[in-house]
Amino acid sequence: MGGGTNGNGGGAASAMDVYLPRTQGDVDDDGKERRTGTVWTATAHIITAVIGSGVLSLAWAMAQLGWVAGPITLLLFAAITFYTCGLLSDCYRVGDPATGKRNYTYTDAVKSYLGGWHVWFCGFCQYVNMFGTGIGYTITASISAAAINKSNCYHWRGHGTDCSQNTSAYIIGFGVLQALFCQLPNFHQLWWLSIIAAVMSFSYAAIAVGLSLAQTIMDPLGRTTLTGTVVGVDVDATQKVWLTFQALGNVAFAYSYAIILIEIQDTLRSPPPENATMRRATAAGISTTTGFYLLCGCLGYSAFGNAAPGNILTGFGFYEPYWLVDVANACIVVHLVGGFQVFCQPLFAAVEGGVARRCPGLLGGGAGRANGVNVFRLVWRTAFVAVITLLAILMPFFNSILGILGSIAFWPLTVFFPVEMYIRQRQLPRFSAKWVALQSLSLVCFIVTVAACAASIQGVLDSLKTYVPFKTRS
């Protein structure tokens, strides 16, 4: 999630901005209020954006990949993300990196450098990712809410008790809560929720690492191997292939932050040039989160072995201390309440901006309002949350959904667009050595994305064979 970054590149001017003149020292070269961000604030935004619910699946991903491929995969995805985010940071300005025209959003950058169908494709990828993330966050928060009851049940009634829960009721409850939060007019009114969500994400990730370390020291629960799950013992040959690619999708989801990089860069002061500061922040942010991911993934795998649960805090490898497991899962729920809004509010703004241009009356006064309530906003946002809630009920499969989301976001937003914009910006000759290297990187990542997406869809289809909404308990 974005950690409270300004997603619209500065927002609309206030009445004070319009009527009170500013001195040259008060504004930047584009007339907006002077930016004050530093390499440290940008690093904090990156860490907040990257560390999220994806960290919960890394022990499971390590179990599919093993001690050799697991850490290497994490490091490769980190290196690719670092490199392509560096390319993307160079696209913040058009022309001169210190004085050129600014791009305030990812889509603005694509429009400036590529134009045409690329702009439509970029918007499609972004909004599909936002919609899908809403589904993923609804599922994850609901599983964690149910896990609190399961944890208490196991503590008071014994570990052998059937404490399974039907998550559908929790999904509906989360949907109702989001329907209320979604009525806030815009993202600027949610800054406090974003700060709380950031604190929560660090809290549950740290608890997961601590519990895994304690379990590893005291009593590891499973066998680990160099290649992960063993064919003929843990899985069959077909499952090994599908689950390996699904694990790649889960790792990709854990690194999906490029979508908000331009917005973070738009908070930085200049001089020095924003792209130089952003490269330093990206190096610090990605290295920090990768270290944290290696801890969480490796310690989780060491604690649970090849039977590591899909979600380390809800799969009940940890029974005690039950209150700490409860705290961690409560932090997940609070984080994802805020995270849902961070991802969905930009989508609301895009849709309502389009409607306002075509039918001003629906979002303005008069026929568009009843007793001070905007009827269109009320109906459409509630319907949006209802659709997400329904889809979450129909497909509440944590690892498969994360794999789909990670694969959808990784290639187009983290690799394809940064590579294409960099090639256009530097005017690299076709079939030159650097052009071939960049296109090869993009092609390899595209193949991995397709394989991960296919494996994750297969995982959903397999789960649907035994899942019955409102009846299946887990």
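Helices (H or I, at least four residues) and strands (E, at least two) are DSSP runs, numbered from the N terminus. The structure is a predicted model, in which local features need pLDDT of at least 70, side-chain atom pairs count only at pLDDT 80 or more, and totals for chains, interfaces and linings use all residues. Residues are numbered from 1 along each chain as its sequence is written, and side-chain values use heavy atoms, without hydrogens and water.

The protein contains 15 helices and 4 strands. It has 474 residues, and 54% of them count as buried. Buried means under 20% relative accessible area, exposed over 50%, and partly exposed in between (1.4 Å probe, protein chains only). The accessible surface is about 20000 Å² (Shrake-Rupley method, 1.4 Å probe). Carbon and sulfur atoms hold 68% of that surface. Among contacts (heavy atoms within 4.5 Å) with a separation of 6 or more, 82% join residues 24 or more positions apart.

The loop between α14 (398-426) and α15 holds Gln-427. Gln-427 has a positive phi, near 50°, and is a residue other than glycine. Gln-427 counts as exposed because its relative accessibility is 68%. Phe-431 lies in the loop between α14 and α15 as well. Its phi is also positive, at about 70°, although Phe-431 is not a glycine. With 61% relative accessibility, Phe-431 counts as exposed.

Leu-438 belongs to helix α15. Its relative accessibility is 3%, so Leu-438 counts as buried. Neighbours within four places in sequence aside, Leu-438 is in contact with Tyr-83, Leu-87, Val-419, Tyr-422, Ile-423 and Leu-428. Of these, Ile-423 is 15 residues from Leu-438 in sequence. The C-alpha atoms of Leu-438 and Ile-423 are 8.5 Å apart.

Helix α15 (residues 433-464) also meets helix α8 (residues 237-254). Their axes, lines fitted to C-alpha atoms over the stretch in contact, come within 7 Å. They cross at roughly 115°, on a scale from 0 to 180 degrees between N-to-C directions. On the α8 side, the contact is made by Trp-242, Phe-245, Gln-246, Leu-248 and Gly-249. From α15, the residues include Val-448, Ala-451, Ser-456 and Gly-459. The residues of this contact divide into 8 nonpolar, 5 polar and no charged. Here Ala, Val, Leu, Ile, Met, Phe, Trp, Tyr, Cys and Pro count as nonpolar, Asp, Glu, Lys and Arg as charged, and the others, Gly among them, as polar.
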